Structure formats: structure tokens, C-alpha cells
Amino acid sequence: MNIILLGPPGAGKGTQAKQIQEFYKLPHISTGDILRENINNNTSLGLKAKSYMSRGELVPDELLITIIKDRLSKKDCEKGFMLDGYPRTIPQADALQMILTESGEIVDAVVNISVDDEELIKRLSGRRMCKCGTSYHVMFNPPEKEDICNTCNGKLYQRDDDRSEAIRNRLNVYKKQTQPLINYYDSKKILRTIDGSKEIPQIFEDIKKVLDEYDQ
Ligand code: ADP
Ligand code: ADP
Ligand code: ZN
């Protein structure tokens, strides 16, 4: 099963992805995590991406298409994969389709997590991240020990782009560049929209209902 998690920044894609990964044994491919790892390791890709990311803008399509092509060619994607944060533009979606067509594959389902702006701002401004990719929230989803990751004991941090100016910009960028993907995938009849304003476990139940319709 090849799936895409779609939704604005802060919708809960990463949070749900961790649970989907475990339950369905699908590799979780987060382009945001891949880019942040490159920034931490000072790679040339990281250097190119850094300024776009800190401003809350999208990193150019060519770079993302190269990243995703490379990642999907890895062995762990043979039995399916889950994309989180890709595609974010129509050209990225077209490129994905070309990559998959070459190997006779398709996108089975696009899970669109919908949350209103006011809630997104609360979620993003209270988000704390771990280097392992797990995200927490100071009020809505706090770690067991303050500022320490439950799964790897890493020290939590606040992302640069989770500060107020970049948050606004990311929500605008989402509306202009990523929201058109809702119609793009809806017209292919593979879009399933989930109410992302519910509690974390309830959303996971709703996602399972959608995914259980597909062959594994
Ligand atoms: P969130 O899920 O909170 O919106 P991500 O971790 O997915 O954040 O992405 C963080 C940043 O990384 C984005 O604001 C953007 O600068 C960059 N990025 C991630 N994925 C993509 C993509 N597919 N296309 C362009 N830029 C991307
Ligand atoms: P995304 O990957 O879509 O940007 P995250 O999964 O990182 O979103 O979630 C954004 C923030 O909102 C995090 O602080 C997370 O703990 C919190 N969060 C996620 N899902 C919910 C929910 N259903 N209710 C309240 N807070 C949530
Ligand atoms: Zn961790």
C-alpha cells in the first residue's frame, strides 16, 4: 500500500505517521525530517535548503524530487510506503506519478487531515520536536518527562520555523501551493478527508477505517 498524508503544517501528519508506521509496517518518509537531518549534518543539500526552511518557504521542487526519487528506490519501500510532507506542489505530485509509473505502481490513498487555522497556530506554537522525528506538544501531547523524548530519551527542542512569523508564512504557502493538491487527488478519486480536530487516538481510528479498505 502506497499512501500520502496530506494536510497543513500542524495538522498532525507526523503524529499519526508514527502510529501508522507501527501498525501497518510502512516506512514513514518525512521530507521535513530528511531536510532537517541534512541541515544538521551540514550537507550541500542542507545548505541549499536551510534559508528556505527557516523562512517557512518551500524548498525548490528539483531538490525535493531528487530526494524522493532516491528514497523510494530503497529496499524498504518495496512493500509500500507512507509519504508525509511530500508532495507539496503540483509539479512534485506529477513527478511522483512519473516515478511510480516507471515501476508499475500507483498511489493507493491520500489521507487528507483537515484542521482550521486557529487550531493549527496553537499546535505549531506549542510543538516540541525530538531529533528522532517524534513531535510533542507542551499542552496537548506532553512527554512523560519534561523536555525529554519518551521513545529515545533525546532532548526536545522548538523548531525555528515554529516561531510566529514563519508559522503565518507556512500557512499562506500551504494555501497557495499545497492546497491545490486536494482537488488534484480528489479528481483521481483517491482522496479521503479526515477531521483532524479530534483527539489523537480517535484520528488514528478514523485513518484505520480508511486504510482498511485497501489491500495491504
Ligand atoms: P510541517 O509538517 O510542520 O509543515 P515539515 O517538517 O513537513 O513541516 O517541513 C518543514 C519545511 O521543510 C517546510 O516548511 C519546507 O521548507 C521544507 N519542506 C519539507 N517538505 C517539502 C516539500 N515536499 N517541498 C518543499 N519544501 C519542503
Ligand atoms: P504535522 O506533521 O502535520 O506538521 P505534528 O504531528 O507535528 O503535525 O503535530 C503538530 C503539533 O500538534 C504537535 O505539537 C503535536 O503534538 C500536536 N498534535 C498532533 N495531533 C494533535 C491532536 N489531534 N490534537 C491536539 N494536538 C495535536
Ligand atoms: Zn526521540
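Helix 1 passes helix 9 in a right-handed crossing, where right-handed means that the near helix is turned clockwise from the far one by less than a right angle, and left-handed that it is turned anticlockwise. The model is a predicted one, in which local features need pLDDT of at least 70 and side-chain atom pairs count only at pLDDT 80 or more, while totals for chains, interfaces and linings use all residues. Residues are numbered from 1 along each chain as its sequence is written, chains are lettered from A and ligands numbered from 1 in the order in which they are written, and side-chain values use heavy atoms, with hydrogens and water left out.

Two packed helices are described by the angle between their axes and the distance between the axes. The axes are lines fitted to C-alpha atoms, for helices over the stretch in contact, and the angles run from 0 to 180 degrees between N-to-C directions. Helices (H or I, at least four residues) and strands (E, at least two) are DSSP runs, numbered from the N terminus. Both helix pairs are set out below.

| Helix pair | Angle | Axis distance |
|---|---|---|
| Helix 1 (residues 13-24) and helix 9 (residues 200-211) | about 50 degrees | 10 Å |
| Helix 6 (residues 117-125) and helix 7 | roughly 135 degrees | within 11 Å |

Helix 6 is therefore oblique to helix 7, and helix 1 and helix 9 are likewise oblique to each other; angles under 35 degrees count as roughly parallel, over 145 as roughly antiparallel, 65 to 115 as roughly perpendicular and the rest as oblique.

The contact of helix 1 with helix 9 (contact means heavy atoms within 4.5 Å) is made by T15, Q16, Q19, I20, F23 and Y24 on one side and by I200, I203, F204, I207, K208 and L211 on the other. These residues divide into 8 nonpolar, 3 polar and 1 charged, where Ala, Val, Leu, Ile, Met, Phe, Trp, Tyr, Cys and Pro count as nonpolar, Asp, Glu, Lys and Arg as charged, and the others, Gly among them, as polar. Helix 6 also passes helix 7 in a right-handed crossing, and there D117, L120, I121, L124 and S125 meet I167, R168, R170, L171 and K175. By class, that contact has 5 nonpolar, 1 polar and 4 charged residues.

The largest nonpolar core has 30 residues, and those with the most contacts inside it are L35, L72, L83, L96, V110 and Y185. Such a core is a set of buried Ala, Val, Leu, Ile, Met, Phe, Trp, Tyr and Cys residues joined through side-chain atoms within 4.5 Å. Among the elements that each supply at least two residues of this core are strand 1 (2-6), helix 2 (31-40) and helix 8 (180-186). Leaving aside neighbours within four places in sequence, L35 is in contact with L45, A49, M53, V59, L64 and I67. A second, separate core of 24 residues includes I113, L171, I194 and I203.

Y136, found in strand 6 (residues 135-137), is buried, with a relative accessible area of 6%; buried means under 20% relative accessible area, exposed over 50%, and partly exposed in between (1.4 Å probe, protein chains only).

Some loop residues also deserve a look. The peptide bond from Y86 to P87 is cis, with omega near -5 degrees, and P87 is found in the loop between strand 3 and helix 5. D147 has a positive phi of about 65 degrees although it is not a glycine, and D147 is partly exposed, with a relative accessible area of 30%. K189, which is not a glycine, has a positive phi of about 65 degrees, and K189 is exposed, with a relative accessible area of 67%.
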